[in-house]
Amino acid sequence: MARVKENKARERRIEMEAVVDAYNSEERAMGWYYYLEERLKVPFKARCKSKREISPLRIGEEVNVLGMALEEKCESEMFVRLRWRGRNLAVPLSQLEPVAAGAETKEAVADWHYWLGRGYEF
């Protein structure tokens, strides 16, 4: 998969707001967690854009994101909570794209997708 082209404004925002003062993987994970928790205006509608073995969602399926999963669930990747077929689930934010959400939510999700697309890790 091709790496996402560098976006200096996005890099600066992520560096200054998401991973600022984060010196190890745990601190970067929690930086991302709180960055997303603050900016995701929930609930919002999202569409599944990719298949994941750890998620039952199908490509094209729409869901309502209710918030971030518990902190301890987000130590290796960011998960969001949703209600799906009568069950409460946490699914990877990486497989979702906002379809009915405000600008701040869309930007925050795009920042996370960019981070992953550049090959960055906690």
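**Ground rules.** I worked from a predicted model, in which local features need pLDDT of at least 70, side-chain atom pairs count only at pLDDT 80 or more, and totals for chains, interfaces and linings use all residues. Residues are numbered from 1 along each chain as its sequence is written, and side-chain values use heavy atoms, with hydrogens and water left out.

**Entry 1, core.** I looked up the largest nonpolar core and found 35 residues in it. I took a nonpolar core as a set of buried Ala, Val, Leu, Ile, Met, Phe, Trp, Tyr and Cys residues joined through side-chain atoms within 4.5 Å. W32, L36, M78 and L96 have the most contacts inside this core. At least two core residues come from each of α1 (8-18), α2, β1 (44-48), β2 (62-68), β3 (79-84), β4 (87-92) and α3 (103-117). Helix α2 gives the most, with 6 residues. I used DSSP runs for these elements, numbered from the N terminus (helices: H or I, at least four residues; strands: E, at least two).

I searched the whole structure and got 10 salt bridges. The criterion was a side-chain nitrogen of Lys or Arg within 4 Å of a carboxyl oxygen of Asp or Glu.

I noted R10 and D111, whose side chains meet in a salt bridge at 2.4 Å, N to O. R10 is in helix α1 and D111 in helix α3, so this pair links distant parts of the chain, 101 residues apart.

I then looked at R13, which also forms a salt bridge with D111, with the closest N and O atoms 2.8 Å apart. R13 lies in helix α1 and D111 in helix α3, so the pair ties together parts that are 98 residues apart in sequence.

For accessibility I used these classes: buried is under 20% relative accessible area, exposed is over 50%, and partly exposed is in between (1.4 Å probe, protein chains only). D111 is buried at 0%. R10 counts as buried at 18%, and R13 counts as buried at 18%.

I looked up R47 and E62 next; their salt bridge has its closest N and O atoms 2.8 Å apart. The pair links strand β1, which holds R47, with strand β2, which holds E62, 15 residues apart. R47 counts as partly exposed at 28%, and E62 counts as partly exposed at 38%.

I also recorded one network, in which salt bridges that share partners join R10, R13, E107 and D111.

I found a negative surface patch formed by D21, E26, E27, E37, E71, E72 and E75. Its members have over 30% relative accessible area and no salt bridge, with like charges joined within 9 Å. E26, one of the patch residues, lies in helix α2 (residues 25-39). E26 counts as exposed at 61% relative accessibility.

I located R3 in the segment before α1, and R3 is exposed at 56%. I located L116 in helix α3, where L116 counts as partly exposed at 35%. The C-alpha atoms of L116 and L93, 23 residues apart along the chain, are 11 Å from each other.

Terms used: Patch = residues over 30% accessible without salt bridge, like charges linked within 9 Å, V, L, I, M, F, W, Y side chains within 5 Å. Areas by Shrake-Rupley, 256 points an atom, 1.4 Å probe, with all protein chains shown as cover. Lys, Arg positive; Asp, Glu negative; His and termini not counted. Charge placed at Lys NZ, Arg CZ, Asp CG, Glu CD.
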